[in-house]
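Let us go through this chain by question and answer. Please keep the sequence and the 3D view at hand.

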Amino acid sequence: MIPKGVTSIGLQAFYGCSNLSSVTLPEGLRTIVRKAFYNCTSLIEITIPKSVDDINDDQSLGYSDNGAIPGFTIYGKAGTAAETYANTNGFTFIDIGNSREKGTLPSGIPIHSVLSGKRDSAARE
């Protein structure tokens, strides 16, 4: 959706794009400007690359006129602007670690245990 080589997403660039449900931003992107994805009411997940070092507004992602979008989740690498933004705004953050695929699980942990919030005994051994 957003081509490689783009380094900044501008002011209200995707404002009100209600058809967006998931966005993966390209590596090399540096800045997400004020309210870039504001009022994208169907957007519930976004993957932010480690190259992003500036999300310069508290309502750039995950907000609409009605406040925070329920269930909004940010995927990214621990210790990055993505994690800081998620923590500051109370959104779920999922560390994708060294994986390029969101949702990749460590070996031995069944997907049903993560979805249910419980690890079964086999996963602990």
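The questions below run from the overall fold to single residues. This is a predicted model, in which local features need pLDDT of at least 70 and side-chain atom pairs count only at pLDDT 80 or more, while totals for chains, interfaces and linings use all residues. Residues are numbered from 1 along each chain as its sequence is written, and side-chain values use heavy atoms, with hydrogens and water left out.

Q: What share of the 125 residues is buried?
A: Buried means under 20% relative accessible area, exposed over 50%, and partly exposed in between (1.4 Å probe, protein chains only). The accessible surface of the chain comes to about 7,200 Å² (Shrake-Rupley method, 1.4 Å probe; for residues, only the protein chains shown count as cover). Carbon and sulfur atoms hold 48% of that surface. Of the 125 residues, the buried share is 39%.

Q: Which strands stand at the edges of the open sheet, and why is one side of each left without a neighbour?
A: Three strands form this sheet in the order E1-E3-E5, with parallel pairing. Two strands pair if DSSP finds at least two bridges between them.

Q: Which residue in E3 stands opposite Ile-9?
A: E1 and E3 (residues 31-32) run parallel and are joined by two bridges. Opposite Ile-9 stands Ile-32.

Q: Why do the buried residues of H1 lie on the same side, and what arc do they cover?
A: The buried residues are Ala-82, Tyr-85, Ala-86 and Asn-89.

Q: Which strands do the buried residues of H1 pack against?
A: Contact means heavy atoms within 4.5 Å. By that test, these residues pack against E5, E6 (63-64), E8 (73-76) and E9 (92-95).

Q: Is Ser-60 buried or exposed?
A: Ser-60 lies in the loop between E5 and E6. Beyond four places in sequence, it touches residues including Ile-32, Phe-37, Ile-55 and Tyr-85. Its side chain reaches the backbone oxygen of Val-33 at 3.4 Å. At 0% relative accessibility, Ser-60 is buried.

Q: Which backbone nitrogen does the side chain of Asp-95 reach at 2.7 Å?
A: Asp-95 sits in strand E9 and is partly exposed at 44% relative accessible area. A polar contact is a pair of N or O atoms within 3.5 Å; within protein, one must be able to donate a hydrogen and the other to accept it, and residues adjacent in sequence count only if both atoms are side-chain atoms. A polar atom of the Asp-95 side chain lies 3.3 Å from the backbone nitrogen of Ala-78. At 2.7 Å, the side chain reaches the backbone nitrogen of Gly-97.

Q: What is the phi of Asn-39?
A: Most residues other than glycine have a negative phi. Lys-35, in the loop between E3 and E4 (45-47), has a positive phi of about 55 degrees. Asn-39 lies in the loop between E3 and E4 and is buried at 14% relative accessible area. Its phi is also positive, near 65 degrees.

Notes: Helices (H or I, at least four residues) and strands (E, at least two) are DSSP runs, numbered from the N terminus.
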